[in-house]
Amino acid sequence: MLPSVVLSAFVTISFALLVCLPFSYSLREQRKLLQSTLIPNSCNETCGKLHVPFPFYVNTSCVSISSAFHLTCSNSSALLIKIGSQSYPVLEFFPDGLLVDFPGTSSCRQYNDLNSFGNNFSAKDHFGLSVDNVIGLYDCEDSSLCKADCETVDLPGCDGSSGGSLGCCYPLSDRSIWHVGQGFSVFSQFGCRGFSSWAVLRGSNTGKRGVKLEWAITRNSSKEVCARNAEMQNATSIEGGVRCVCQDGYVGDGFANGAGCLQSCIKNGQEAYGNDCYTRRHDQRKLVIVAGILGPVLIVASLVALFYLLKRPIKPGMLDTEQAYYHHGSIRKACSSRLFNHHELEEATNGFEESRKLMQSSNGTMFAGVLGDGSHVAIHKLKCENERDIIQVLSQIEVLSAVVHRNMACVIGSCIDSGYTPLVVYEYPANGTLEEHLHQSKGQKHGLDWYRRLSIATETACAVAFLHYENSPPIFHHNLKSSSIFLDDDFSVKIAGFGLINSNFNHDSQLYKNRECFRLCKNDVYDMGVVLLEIISGSYTTDSPTLALQKIKDGKLEEIVDPFLYYHEQPYHRQEQMQAIADLATRCLLFGADGKLGMIDVARELVHITKESLDGGITRGPALEETFSNSSLLQMISMSPDSMHLP
């Protein structure tokens, strides 16, 4: 079996190379043009290394929406934006804002005066302080405003090196002290003497030094503000503010007066739009000729590789895991992966309809769909930047397809004929996602009871621990959340939605022996902590981890427990279990970063809590029993399957 898996990966990667052959490595120069809406404005203006996106402009003859977005290019190298009476140096543009430096700053200072940034952001104009900012505070007399969750974020110093842990930090997303429309001077009431600021984008663990400003336009009664294939999105930090955002598969600024939204792709190393994205006859002929030349070469190379692999001696115990799975006959075999075409998956999701969206992540969106044969699937629409990302996705798909575990959703196949947006197809069980059940978005009359939630948490942690510890190199999820945890008919877990694109991906590195492993493990452990909090509270918002941690710290767990669980009516031992899960979630969020708490520790504690919950003659549940009986992870956790009983 091992040679066939490796050969399959070899052939798939070779096929990907064929598909990507017309692309040029000059795409590195095109990366900025492929990032969401960040394409130059209609005047194609630049200043230094920065492209100026719509609605910003330098030349007054360039079409825009408001004079508020006018920029000044100083010495052809530095962009400045004037807001009120202050001019702020522009460091970087984002789809929803821009990163600026402190006004009048000639060099980076570790700390700045609380009044040094100005108070021109009333949340009623075009600009507001973004909630993506994390503030480092200096010499505060009252430390009650300091938040622990900042410790998991890398905040670089002035020289670009890691800034280390801050004495006191506060994310504006917390909003318990700072509120939309306020400036930084609000922290002076705690006796703070200075501050630094970093923008930490959603889905990122690294801060960009500076202050992120969100921008927006005033909501217009005209329906022609947004271009075709764009939708209106409300601003977070600006009252009544909106932006136009292109739908998935389109690129542009989204505005009718700007570049609009066009289907985007890369053809022969060049950006192409609209009808130019469709393969023309002469392009097909060229591809056939290239494939005819390279096809025999790849076939010969594949046969040589197969012969070499068959001659290799199989190490003792190499197939122990697989044999253990077949010994417990209810466990499925490894998934067989197939190639879909884009049109087939587009029909399955009704054109990737918004109502079918299951999950939104930093590098993709997952949709529910129904194939032509009636089978229900989840389709993960990923965002790649270059050929290397596509090859990495295909390689990771092969790895996941070869892993055998009953709590992993089967990877049915993929699609790579949609440019830089590959699609991954998972099985989609009948009971939907954990998020839907916790939020009761399907209108269920009854939510998940405590025992079932505990079972789901334990299965999830053990499956992810299996990926971390029972595979070499280890497999990391990168995107663990309640919307990526599927539930089958008996509410057994099926994990999907893996983050298949990793900028630090390296096949040859000893990943499990260096610091990178701890960083990746940390991401999964942190995400598991968020899932545990969601299992307790039954709902999730951007602010909930911070607020929940504060409630737990203050001994007010009952205030965040899902009302459906009827916390005050539960027996004392069950309240203790909820407290134990809350404590475990807290440690996942705070101590996963340094490797002191690994997923194996999380799984072990959840198993222990689950074993202690066996009261009232609860019947044995096959799902969790099989999860533990199909891996040598069972020995690490020191638990017998026969002792497991669940509803």
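The accessible surface of the chain amounts to about 30400 Å², and carbon and sulfur atoms contribute 51% of this area. The model is a predicted one. Of the 647 residues of the chain, 50% count as buried. The secondary structure consists of 13 helices and 26 strands. Among contacts in the chain with a separation of 6 or more, 65% are between residues 24 or more positions apart.

Ile 293 belongs to helix α2, which spans residues 281-311. This residue counts as exposed because its relative accessibility is 58%, over the 50% cut-off.

An open sheet is formed by six strands in the order β3-β4-β5-β6-β12-β7, with antiparallel pairing. Strands β3 (71-74) and β7 (127-129) are the edges, each pairing on one side only. From one strand to the next, the twist averages 45°. Strand β7 is joined by three bridges to β12 (residues 211-215), and the two run antiparallel. Leu 129 stands opposite Leu 213 in β12.

The count of salt bridges comes to 13. In one of them, Glu 92 is paired with Lys 208, and the closest N and O atoms are 3.6 Å apart. This pair links distant parts of the chain, since Glu 92 lies in strand β5 (residues 86-94) and Lys 208 in strand β11 (residues 208-209), 116 residues apart. Both partners are partly exposed: Glu 92 has a relative accessible area of 28%, and Lys 208 has a relative accessibility of 32%.

Glu 214 forms a salt bridge with Arg 243, with the closest N and O atoms 2.9 Å apart. Glu 214 is in strand β12 and Arg 243 in strand β15 (residues 241-246), so the pair ties together parts 29 residues apart in sequence. Glu 214 counts as buried at 3% relative accessibility, and Arg 243 likewise counts as buried at 3%.

A further salt bridge connects Glu 559 and Lys 551, whose closest N and O atoms are 2.6 Å apart. Glu 559 is partly exposed, at 46% relative accessible area, as is Lys 551, at 29%.

Asp 562 is located in the loop between α9 (544-553) and α10 (572-591). With 9% relative accessibility, Asp 562 counts as buried. Leaving aside residues up to four places away in sequence, Asp 562 touches Leu 438, Arg 453, Ile 536, Ser 537 and Gly 538.

Conventions
Residues are numbered from 1 along each chain as its sequence is written. This is a predicted model: local features need pLDDT of at least 70, side-chain atom pairs count only at pLDDT 80 or more; totals for chains, interfaces and linings use all residues. Side-chain values use heavy atoms; hydrogens and water are left out. Helices (H or I, at least four residues) and strands (E, at least two) are DSSP runs, numbered from the N terminus. Buried means under 20% relative accessible area, exposed over 50%, partly exposed in between (1.4 Å probe, protein chains only). Contact means heavy atoms within 4.5 Å. Accessible areas come from the Shrake-Rupley method with a 1.4 Å probe; for residues, only the protein chains shown count as cover. Two strands pair if DSSP finds at least two bridges between them. Axes are lines fitted to C-alpha atoms, for helices over the stretch in contact, and angles run from 0 to 180 degrees between N-to-C directions. A salt bridge is a side-chain nitrogen of Lys or Arg within 4 Å of a carboxyl oxygen of Asp or Glu.
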